[in-house]
Amino acid sequence: MRALAQALPSLLLRLLLTPTPGALGTNPGLVVRITNKGLEYVAREGSMVLQKKLLRITLPDFTGDFKIKPFGRGHYGFHSLSIHSCELRGSALTPLPGQGLSLTISDSFIRVQSEWKVRKAFVKLHGSLDVQVKGITISVNLVLGREPSGRPTVTASGCSSHIRDVEVDISGDLGWLLNLFHNQIESRFRRVLESKICEMLQNSVTSDLQPYLQTLPVTTEIDSFARIDYSLMEAPQATAQMLDVMFKGEIFNREHYSPVSFLAPVMSLPEQYNRMVYFAISDYVFNTASVVYHEAGFLNFSITDDMVPPGSNIRLTTKSFRPFVPRLARLYPNMNLELQGAMASAPFLNFSPGNLSLTPVMEIEAFVLLPSSAKEPVFQLGVATNMSAMLTFNTSKITGFLKPGKIQVELKESKVGVFNVELLEALLNYYILNTLYPKVNEKLAEGFPLPLLKDIRLYDPVLEIHKDFLFLGTNLQYMRA
């Protein structure tokens, strides 16, 4: 018991300090920040959709009785009610901390047309009705959430609508009679419209907005090697001035998923609001891609003599190596060589303010091609270089380009004696510049897509490089069909 008591504090400390699987990767790889400017645009687009919905509202018929001296009792009814025109003005979408967004529409207008009938004993009369509904105010909370699959959700909560003024114009025989109790008619219209407006709005959130949010991709294919995980890590977070959406942003092998051994960094986003939306893309996104392509062998290469340019000072033959590696020529006379190269590890992209760089290290092994078709290893080289990188934005994708740097070649191991690698350095530099760089830049030019809803176009981009992340500010446009 005493031994257990002594070991218990140490055991508890280890449990507290050991991260659980659920605690890993808590930082998003990509953050989308929607500013007030972006929310204003979304509110305008949303009000246009709601305006079309209002025009399709079906209003119920309603009836009533009247008693007016000296005419006595009678019965009236309104039917064929339809919204003839409407105009939603003053729309605003504001962050609602802890919930999502608040949509308000103010100072709006609806015109309703209808037919009326009046029955008094055996007398039946009819006419038309024109209702001007003014000063409509609508408000609803949009509660944002996250599905287990990682897609966003939205539900409508706390809808209210208020009508400031209803003006009824009744024409036709005995229209003046109905005008005597127009307050009662106006009150009925007010109650019906206020109820129908909220019903329409809640239905629109369920049947239009929620399915539209489902068009946000959870995973997106990049190419035959990789896909990117754009699942939400948590529900979108609203603050006083913006809405932040946190995505996992991990690129993984499309055939099988294996977790990486590093985490996304904490990103300190700058306070900028000139664009509608900002994308903060951490080095985690790019470096998970590097791991995938490295494990797939995308950057592996081999060089044989037939790939050496005719004017080269060195050939990949043992005869050509005779002046500086005589032992190689003696042991393997008149044979060809092959150089096989691979990255020592996945090269990581380094972000510093205004600068992008990589320092890849390659391992190259030389083989003699024996007459029996077997390959005999003879020496190993280490190749290091510093590269600068450039990232660009192309309508919906982040693309890149590598700029070559000077390479340094080192003899790591040799079975044929120590020798000067200067001539091999020139050969490798030629191959890297003319074959490896173009291959990598062709892949980088394909880029990877940003997480966008259907029919959204980005324009007017501004790119900034910060510590650990790329910051892209852009405006957006909804491409209506």
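Biologist: Why is the disulfide of C159 and C198 called left-handed?

Modeller: The torsion about the S-S bond of C159 and C198 is about -90°, so the disulfide is left-handed. This is a predicted model, and the torsion is computed from it.

Biologist: What makes C159 and C198 a disulfide?

Modeller: The sulfur atoms of C159 and C198 are 2.2 Å apart. A disulfide needs sulfur atoms within 2.5 Å, so C159 and C198 form one. By this rule the count comes to 1 disulfide.

Biologist: Which parts does the pair tie together?

Modeller: C159 lies in strand β7 (residues 152–170) and C198 in helix α4 (residues 182–213), so the bond ties together parts that are 39 residues apart in sequence. Both C159 and C198 are buried.

Biologist: Is C86 buried or exposed?

Modeller: The relative accessible area of C86 is 12%. Buried means under 20%, so C86 is buried.

Biologist: What makes the rings of Y278 and F471 a stacked pair?

Modeller: A pair of aromatic rings is described by the distance of the centres and the angle of the planes. For Y278 and F471 the centres are 5.0 Å apart and the planes are at 10°. Centres must lie within 6.5 Å, and planes under 30 degrees apart count as stacked, so Y278 and F471 are a stacked pair. The pair links Y278 in strand β13 with F471 in strand β25, 193 residues apart. A search of the whole structure finds 18 aromatic pairs.

Biologist: How do you know that Y278 is buried, and F471 too?

Modeller: Relative accessibility is 3% for Y278 and 1% for F471. Buried means under 20%, so Y278 counts as buried, and so does F471.

Biologist: Why is the pair of F379 and F419 called edge-to-face?

Modeller: The rings of F379 and F419 are 5.0 Å apart centre to centre, with 70° between the planes. Planes over 60 degrees apart count as edge-to-face, so that is the name for F379 and F419. F379 is in strand β19 (residues 375–385), and F419 is in the loop between β22 (407–414) and α7, 40 residues apart. Both residues, F379 and F419, are buried. F321, F324, F379 and F419 form one aromatic cluster.

Biologist: What makes β1 and β13 a strand pair?

Modeller: Strand β1 (residues 30–35) is joined to strand β13 (residues 277–282) by 5 bridges. Pairing needs at least two bridges, so β1 and β13 pair, and they run antiparallel. R33 stands opposite Y278 in β13.

Biologist: What is the strand order of the open sheet, and which strands are the edge strands?

Modeller: The 6 strands run β10-β11-β1-β13-β25-β24, with antiparallel pairing. β10 (237–238) and β24 (456–466) are the edge strands, since each pairs on one side only. Helix α2 (residues 36–55) packs on the sheet, where it touches β1 and β25 (469–478). The direction of α2 makes about 70° with that of β1.

Biologist: Why does N434 count as partly exposed?

Modeller: The relative accessibility of N434 is 45%. Buried means under 20% and exposed over 50%, so N434 counts as partly exposed. N434 is found in helix α7 (residues 422–446), and its side chain reaches the backbone oxygen of Y430 at 2.8 Å.

Note on methods
Residues numbered from 1 in each chain as written. Predicted model: local features only at pLDDT ≥ 70, side-chain atom pairs only at ≥ 80, totals over all residues. Heavy atoms only, no water. Helix = DSSP H or I, 4+ residues; strand = E, 2+ residues; numbered from the N terminus. Contact = heavy atoms within 4.5 Å. Axes fitted to C-alpha atoms, helices over the stretch in contact; angles between N-to-C directions. Buried < 20%, exposed > 50% of the residue type's maximum accessible area, 1.4 Å probe, protein only. Polar contact = N/O pair within 3.5 Å; in protein donor to acceptor, adjacent residues only side chain to side chain. Phe/Tyr/Trp six-rings, centres within 6.5 Å; stacked < 30°, edge-to-face > 60°.
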